[in-house]
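Here is a short briefing for a reader new to this structure. Please look over the sequence and the model first, then read the points below.

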Amino acid sequence: MGTVKNNTSKTGLRITLDFNNLMAESAQGEGLTERELSGTAERARQILQEMQERRAQGQLPFMDLPYQRGMVKEIKEYARTVQGKYTDLVILGIGGSALGGITLHHALHPPFYNLLPPGERKGCPRIFFAENIDPDGFHGLLDILEVRTTLFHVISKSGETAETMAQFLIVKDLLVKKLGKKRSRENLLITTDAASGWLRQICRSEGLADFTVPQGVGGRFSVFTPVGLLPAALTGIDCEGLLSGARFMDGLCKRDDVWKNPAALLAAALYLLDVRRGKRMVVMMPYCDALKDLAYWFRQLWAESLGKKDEVGPTPINALGVTDQHSQLQLYMEGPLDKVIIFIAVKQYQKTLPIPRAYPGLEGLRYLGGHTLNELIAAERMATEYSLTKNRRVNCTVTLPELNAFTLGQLLYLLETATVFAGSLYQVNPFDQPGVEEGKKLTYGIMGRKGYGVKKREIKEGGRKFKKYII
Ligand code: PA5
């Protein structure tokens, strides 16, 4: 089994968006009419034009990332120089500084990549994402590593996120104790802002290997920067294929006709279904284990970009087919009519797994024999799609002809562009997250950071609890 699923040819590898079941013909009163969607055509054209203008002025740098060939070259060069040097790669980063890398890893490496013998990983290190700061979780990870042969890649755009910096301090201390100050540098790699932040200062003063998060690209839009691409390149993923897919999708997303532009269509339909039909929740449900984390990545992208002040914003939910047919589907099928489901389908899986014929006397098993797991998963997706639609539950399907770097690049770029487009429809800034700032300041206060004493007092007084309500 190869470790990397390669981009083969472009044509025929275009992902498709089937939005039949978002429309009134299929989902009756719950779907959109052609008239409603056409009604957004002019607004869509304006938004697309504004996006291209802002892009030309350098205000939407995430859109141009797929064209940064120099950046990929640099990343690949670094990966080449450290090839075979480390047994393990650990990413210290959280939120947008982790989710892109996690998505690429699970989508484009074979399942159970870390358990493969080194030869099957083509000399690439195992990879771990230490996103959370659960002390047991982080300790557990450090326990299983041979830190001397581990590369710790610290990723933080701001260079001051408490979680990442705390992890960094723990790791740094460990490395210095094991390897000494000088030698410990070889096990650290930093990706942060070019100029600002504490991490950049440390990086400069200690001469650590480093990469830069491009100016104006926030965490959740950073998958095509060293944030996502460096861990990918270090573990042998086809970065060029990803960017090539993203560029291909960029071409489709420039079309000024809402009916032909997948990002505009998806964003406009989800927006209209929210504000006109009360579909406040968007469920992303890939029928593919490797894309499970894509739904987590999308959840952050959609939530943090569109959920803003004055109670604006749809709620994204992640699910996995077929697993969650046995978990959440009952709610989607018969519960409130407040959801849109985005299925992600893969036409051609990497493997075909036949189901053996057996137990001819048992009708409940006999029908499975002679089919494949591929047929079963496709049948279950089709059945779920149809029964949801029959129950007036709006849904659409994005199909990847196969999962590889090129098709994943398309999908990621499509979802990023659709999110920014939706930001214009909701009239919010998709690139900020002021709502999470308050929690950070209160944390600083509790932890005794200089200048945040007021916050410490505030939470001490305002956060009082009544014993009578704790049982
Ligand atoms: O998408 C975002 O902007 C956030 O999720 C950030 O990525 C996250 O808060 C981590 O920030 P930083 O990269 O500055 O450590």
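Contact here means heavy atoms within 4.5 Å. Helices (H or I, at least four residues) and strands (E, at least two) are DSSP runs, numbered from the N terminus. This is a predicted model, in which local features need pLDDT of at least 70, side-chain atom pairs count only at pLDDT 80 or more, and totals for chains, interfaces and linings use all residues. Residues are numbered from 1 along each chain as its sequence is written, and side-chain values use heavy atoms, with hydrogens and water left out.

**Domains**

- The protein chain is assigned domain 1 (7-54 + 243-297 + 314-426), domain 2 (62-241) and domain 3 (434-463).
- These bounds come from an automatic or database domain assignment.
- Between the C-alpha centres of domain 2 and domain 3 there are 29 Å.

**Helix α16**

- Helix α16 covers residues 373-390, which is 18 residues.
- From first C-alpha to last, α16 reaches 25 Å, close to the 26 Å expected at 1.5 Å a residue.
- The expected span is 1.5 Å times one less than the number of residues in the helix.
- Buried means under 20% relative accessible area, exposed over 50%, and partly exposed in between (1.4 Å probe, protein chains only).
- The buried residues of α16 are N374, I377, R381, T384, E385, L388 and T389.
- Seen down the axis, the buried residues of α16 fall within an arc of 130°, so they line one face of the helix.
- The arc is that of the directions from the helix axis to the C-beta atoms.
- M382, Y386 and K390 are exposed on the other side of α16.
- The cover over the buried residues of α16 includes α1 (24-27), α14 (329-334), β9 (339-348) and β10 (395-402).
- After α16 comes R392, with a positive phi near 65°.

**Helix α6**

- In α6 (residues 135-144), F138, L141 and L142 are buried.
- These residues of α6 cover an arc of only 95° around the axis, which puts them on the same side of the helix.
- D136 and D143 are exposed on the other side of α6.
- The buried residues of α6 pack against β2 (88-92), β3 (126-129), β4 (150-156) and α7.
- D134 caps the N-terminal end of α6, with a side-chain oxygen 2.7 Å from the backbone nitrogen of D136.
- A polar contact is a pair of N or O atoms within 3.5 Å; within protein, one must be able to donate a hydrogen and the other to accept it, and residues adjacent in sequence count only if both atoms are side-chain atoms.

**Around the ligand**

- A residue is near a molecule or strand if one of its heavy atoms lies within 4 Å of it.
- There are 13 residues around the ligand, and S97, S156, S158, T161 and Q300 come nearest.
- A polar side-chain atom of Q300 is 2.6 Å from an oxygen atom of the ligand.
- A polar backbone atom of K157 is 2.8 Å from a ligand oxygen atom.
- For E304, a polar side-chain atom lies 3.1 Å from an oxygen atom of the ligand.

- M281 is in strand β7 (residues 281-286).
- M281 is partly exposed, with a relative accessible area of 24%.
- M281 and K339 are 58 residues apart along the chain, yet their C-alpha atoms are separated by 4.6 Å.
- Leaving aside neighbours within four places in sequence, M281 is in contact with T315, I317, D338, K339 and V340.
- D338 sits in the loop between α14 and β9.
- D338 counts as buried, at 15% relative accessibility.
- Not counting residues up to four places away in sequence, D338 touches G278, K279, R280 and M281.
- D338 and D274 are 64 residues apart in sequence, and 8.2 Å apart in space from C-alpha to C-alpha.

- K172 lies in helix α7 (residues 162-179).
- K172 is buried, with a relative accessible area of 14%.
- Not counting residues up to four places away in sequence, K172 touches S184, L188 and E206.
- The C-alpha atoms of K172 and S184 are 7.6 Å apart, with the two residues twelve places apart along the chain.
- N404 is in the loop between β10 and α17 (405-426).
- N404 counts as buried, at 0% relative accessibility.
- The N404 side chain reaches the backbone nitrogen of T407 at 2.8 Å.
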